Amino acid sequence: MKTIKDLDIVALTEDLEATHFETKQIIKLSKGQVGTVVMEFYGSAFEVEFSHQDGTTYAMETISATKLMLLHYELVESVGAVSR
């Protein structure tokens with residue numbers, strides 16, 4: 001199983017209150033919200049940047065590893081031959 005590291009793409013596994021990066025208002029990040037890891041804290045927590053598709057950051061939060069899921073774009077591992 002791959003562990004989360006800097007620059008990985010992750011998703012929240014539960015809803016989370018956050019502070020808007022510019023306005024400082026409280027916002028809700030929803031389960032499944034996608035972000036980029038920008039810093040690791042001993043593997044137990046991560047600074048995650050959440051941004052719009054145009055790259056504008058709307059939140060940056062320190063989140064426990066237990067509330068994040070690592071996203072994969074490539075095949076992670078093969079479990080064996082497929083019979084046809």
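This report describes salt bridges, strand pairing, the nonpolar core and selected local features of one predicted model.

Residues are numbered from 1 along each chain as its sequence is written, and side-chain values use heavy atoms, with hydrogens and water left out. Because the model is predicted, local features need pLDDT of at least 70 and side-chain atom pairs count only at pLDDT 80 or more, while totals for chains, interfaces and linings use all residues.

## Salt bridges

The structure holds three salt bridges, each defined as a side-chain nitrogen of Lys or Arg within 4 Å of a carboxyl oxygen of Asp or Glu.

| Lysine 5 | Aspartate 8 | 3.3 Å |

Strands, here and below, are DSSP runs of E with at least two residues, numbered from the N terminus. Lysine 67 is partly exposed at 29% relative accessibility, and glutamate 14 is partly exposed at 36%. For these classes, buried means under 20% relative accessible area, exposed means over 50%, and partly exposed is in between, with a 1.4 Å probe and protein chains only.

Lysine 28 is exposed, with a relative accessible area of 56%, whereas aspartate 15 counts as partly exposed at 44%.

In the remaining pair, lysine 5 is partly exposed at 40% relative accessibility, whereas aspartate 8 is buried at 8%. Aspartate 8 is located in the segment before β1. Not counting residues up to four places away in sequence, aspartate 8 touches Lys2, Thr3, Gly35, Thr36, Val37 and Leu70, where contact means heavy atoms within 4.5 Å.

## Strand pairing around β1

Strand β1 (9-12) pairs with β4 in the antiparallel sense over three bridges; two strands pair if DSSP finds at least two bridges between them. Within this pairing, isoleucine 9 stands opposite threonine 36 in β4. Strand β1 also pairs with β7 in the antiparallel sense, over three bridges. Here leucine 12 stands opposite leucine 68 in β7.

Valine 34 belongs to strand β4 (residues 34-41) and is partly exposed, with a relative accessible area of 43%. Leaving aside neighbours within four places in sequence, valine 34 is in contact with Ile9, Val10, Ala11, Phe50 and Leu71. The C-alpha atoms of valine 34 and leucine 71 are separated by 8.9 Å, although these residues are 37 positions apart along the chain.

In soluble globular proteins, nonpolar side chains tend to be buried together. In this model, the largest nonpolar core has 15 residues, of which Leu29, Val48, Phe50 and Leu68 touch the most other members. Strands β1, β2, β5 (45-51), β6 and β7 each supply at least two residues of this core. Such a core is a set of buried Ala, Val, Leu, Ile, Met, Phe, Trp, Tyr and Cys residues joined through side-chain atoms within 4.5 Å.

Leucine 29, apart from neighbours within four places in sequence, is in contact with Leu12, Glu14, Asp15, Leu16, Ala18, Phe50, Tyr58 and Ala59.

## Positive phi values and a charge over a ring

Leucine 7 has a positive phi of about 75° although it is not a glycine. Leucine 7 is placed in the segment before β1 and is exposed, with a relative accessible area of 66%.

Lysine 24, another residue other than glycine, has a positive phi near 65°. Lysine 24 lies in the loop between β2 (16-19) and β3 (26-29) and is exposed at 56% relative accessible area. Lysine 24 also lies over the face of phenylalanine 21, at 5.7 Å from the ring centre. A charge sits over a ring if NZ of Lys or CZ of Arg is within 6 Å of the ring centre and within 35 degrees of the ring normal.

Methods. Helices (H or I, at least four residues) and strands (E, at least two) are DSSP runs, numbered from the N terminus.
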